[in-house]
Amino acid sequence: MKPVTLLASKALSLTITRLCHQLIEDHGDLGTMALIGLQPRGVLLARRLRQELERITGRPVPAYGELDITFHRDDFRHRAAPPAPSATALDFDLEGRHVVLVDDVLYTGRSIRAGLDALLAFGRPATVHLLVLIDRRFSRELPIAPDYVGRWVDSIGDQRVTVEWQESDGRDRVLLHTTGSDTPTASDIAQGSISDL
Amino acid sequence: MSPSPRTDALASDQLSVEHLLGIKDLIPADIDLIFRTADGFKEVLGRPIKKVPSLRDITIANLFFESSTRTRVSFELAEKRLSADVVNFSSSGSSVSKGETLIDTVNNILAMKVDMVVMRHPDPGAAVFLSRHVGARIVNAGDGTHEHPTQALLDAYSIREKLGKVKGVRVLIAGDILHSRVALSNIFCLQKLGAEVMLCGPSTLMPKHIEALGVKVERDLDKALRWCDVANMLRIQLERQGGDGIANFPSLREYAMVYGLDLARYKRIGKDVVIMHPGPINRGVEVSSEVADHANSIILDQVQNGVAVRMAVLYLLAARIPRNAV
């Protein structure tokens with residue numbers, strides 16, 4: 001089945017701008033905020049957020065980092081091959097900071113659990129909040145909820161959401177894929193129609 | 001539909017072997033995978049909390065039938081930093097001295113549900129033998145004069161870290177080649193990664209027909225040092241000398257004069273050769289203190305990288321252990 005576009009390029013960029021304004025609303029001059037992207041796909045969003053925050057505020061984001069969660073995952077030995085690690089770059093002290101963890105798609109919540117675990121190995125932040133571009137509601141396997149959300153999607157189990165970026169995939173868009181053509185749901189059609197800006 | 005990059009793209013990222021018995025069995029892609037994984041662990045070791053939960057359901061037995069400090073501590077730290085459960089066993093005071101066979105010893109330990117065995121043994125081939133007879137993953141931590149694969153991996157990893165590459169690098173391995181499992185594993189590892197290898201040492205400590213492995217052999221240490229980018233100065237294995245009742249060299253003093261690297265000889269090379277040593281150093285024999293502590297020496301980096309490389313090996317081997325059906 002042909003994938004449905006959840007967010008096209010312009011809608012995606014508006015969403016990122018909105019998320020940045022929400023961050024500024026909550027964190028003021030961003031002085032104590034730390035923006036941390038989860039490897040491998042969350043960092044692409046985090047880099048965009050950083051760019052956009054700098055465009056809006058006219059100042060560099062004081063604390064920006066990228067965090068690899070590979071060795072904290074709970075699916076080691078549950079999959080065919082071990083996950084390959086990516087780079088971690090966290091060169092500031094977490095103590096007292098208000099961390100915003102960034103990932104592209106929130107689904108089962110397990111990556112975020114691993115991300116929290118990995119994050120706390122670096123110190124004790126004042127608070128940790130979660131920012132995701134896409135929240136796949138009703139599919140959580142752990143009690144984890146996002147604080148900043150780009151778009152909610154009600155999707156069923158065999159559907160998949162992919163986020164594509166200009167830098168890595170050639171264009172900006174968010175797609176909803178449905179494997180197997182037997183059960184198309186009302187939600188993917190509805191989600192698609194409102195997003196083609 | 002394109003596969004999700006988060007999972008499917010990594011599907012080929014696993015080792016081609018179930019045990020790490022020697023470098024000889026590895027393909028270059030394995031070594032590359034170990035190095036990339038070790039990069040991740042090296043970063044973990046720089047964190048305030050240097051521990052990850054990956055192997056929390058794995059139990060590892062360290063069986064050391066031959067004395068070792070550095071390798072045993074390095075393995076044990078690697079295992080603990082991966083959150084594995086660890087049991088240590090050394091041959092002194094064990095039932096080995098009461099006549100139990102190797103297979104019986106290990107099977108008794110495995111009966112207590114051990115998943116992996118890290119073994120050092122004085123007999124060449126002990127690790128291969130064990131892998132054929134017991135149902136655990138074996139990591140060879142040195143088998144007699146045969147192989148010491150994790151040492152070779154950490155040596156090559158340290159060269160890669162210092163020089164940015166291994167391919168095309170000229171590596172001199174000098175000293176007691178005859179008794180060295182480090183030399184053999186290093187030759188295999190460096191050649192698989194595309195480095196050039198030269199051996200240098202007294203002819204009594206040079207195995208016959210070693211050229212058949214495709215290495216250069218040079219008797220003159222000064223010439224060899226001028227050729228190389230990296231000099232790995234092996235330890236004279238005093239405990240293995242003269243097993244046949246004949247000394248391999250007249251005296252340590254004479255060995256140090258002809259095949260030892262002191263500061264005067266190092267300065268004569270006229271370029272920044274990287275100094276390596278697998279430890280433990282006999283200071284004043286194969287290298288002088290000034291050279292061992294020189295700015296171009298990466299001896300302590302080797303030790304530090306050893307933990308990250310061993311974590312990578314254990315992690316990648318553990319990934320291939322099937323999970324027990326509950």
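In what order do the strands of the open parallel sheet of chain A stand? The order is β3-β2-β4-β5-β6, five strands in all. This is a predicted model: local features need pLDDT of at least 70, side-chain atom pairs count only at pLDDT 80 or more, and totals for chains, interfaces and linings use all residues. Residues are numbered from 1 along each chain as its sequence is written, while chains are lettered from A and ligands numbered from 1 in the order in which they are written. Helices (H or I, at least four residues) and strands (E, at least two) are DSSP runs, numbered from the N terminus.

- Two strands pair if DSSP finds at least two bridges between them.
- Axes are lines fitted to C-alpha atoms, for helices over the stretch in contact, and angles run from 0 to 180 degrees between N-to-C directions.
- Eight bridges pair β4 (residues 98–106) of chain A with β5 (residues 127–137) of chain A in the parallel sense. A:Leu106 has A:Asp135 in β5(A) as its bridge partner.
- Helix α1 (residues 9–27) of chain A lies across β2 (33–38), β4, β5 and β6 of chain A. It runs at about 135° to β6(A).
- Helix α2 (residues 42–57) of chain A lies across β2, β3, β4 and β5 of chain A. Its angle to β2(A) is about 145°.
- For contacts, two residues count if their C-beta atoms, placed from the backbone, lie within 7 Å.

**The antiparallel sheet of chain A**

- Three strands form an open sheet in the order β1-β8-β7 of chain A, with antiparallel pairing.
- Its edges are β1 (4–7) and β7 (159–164) of chain A. Each has a single partner strand, so one side of each is left without a neighbour in the sheet.
- On average, neighbouring strands of this sheet are turned by 30° against each other, direction ignored.
- β1(A) and β8 (residues 173–178) of chain A run antiparallel and are joined by three bridges. A:Thr5 has A:Leu175 in β8(A) as its bridge partner.

**Domains of chain B**

- Chain B has domain 1 (8–147 + 305–318) and domain 2 (149–302). These bounds come from an automatic or database domain assignment.
- The centres of the two domains, taken over C-alpha atoms, are 25 Å apart.
- Domain 1 of chain B gives 24 residues to the contact, and domain 2 of chain B gives 22 residues.
- On the domain 1 side, α1 (28–44), β4 (137–143) and α11 (299–318) of chain B each supply at least two residues.
- That side has 11 nonpolar, eight polar and five charged residues. Ala, Val, Leu, Ile, Met, Phe, Trp, Tyr, Cys and Pro count as nonpolar, Asp, Glu, Lys and Arg as charged, and the others, Gly among them, as polar.

**Where the chains meet**

- The contact takes 25 residues from chain B and 21 residues from chain A.
- α1 and α11 of chain B each supply at least two residues of the chain B side. α1(B) gives the most, with five residues.
- The chain B side divides into 13 nonpolar, six polar and six charged residues.

**Burial in chain B**

- A residue is buried if 20 or more other C-beta atoms lie within 10 Å of its own, exposed if 12 or fewer, and partly exposed in between; C-beta atoms are placed from the backbone.
- In helix α4 (residues 126–133) of chain B, the buried residues are B:Ala126, B:Ala127, B:Leu130 and B:Ser131. They lie on the same side of α4(B), because they cover an arc of only 135° around the axis. The arc is that of the directions from the helix axis to the C-beta atoms.
- B:Arg132 and B:His133 are exposed on the other side of α4(B).
- The buried residues of α4(B) pack against α3 (102–110), β3 (116–121) and β4 of chain B.
- Four of the five residues of β5 (residues 170–174) of chain B are buried.

**Backbone details**

- The peptide bond from A:Gln39 to A:Pro40 is cis, with omega near -5°. A:Pro40 lies in the loop between β2 and α2 of chain A.
- B:Gly279 and B:Pro280 are also joined by a cis peptide bond, with omega about -10°.
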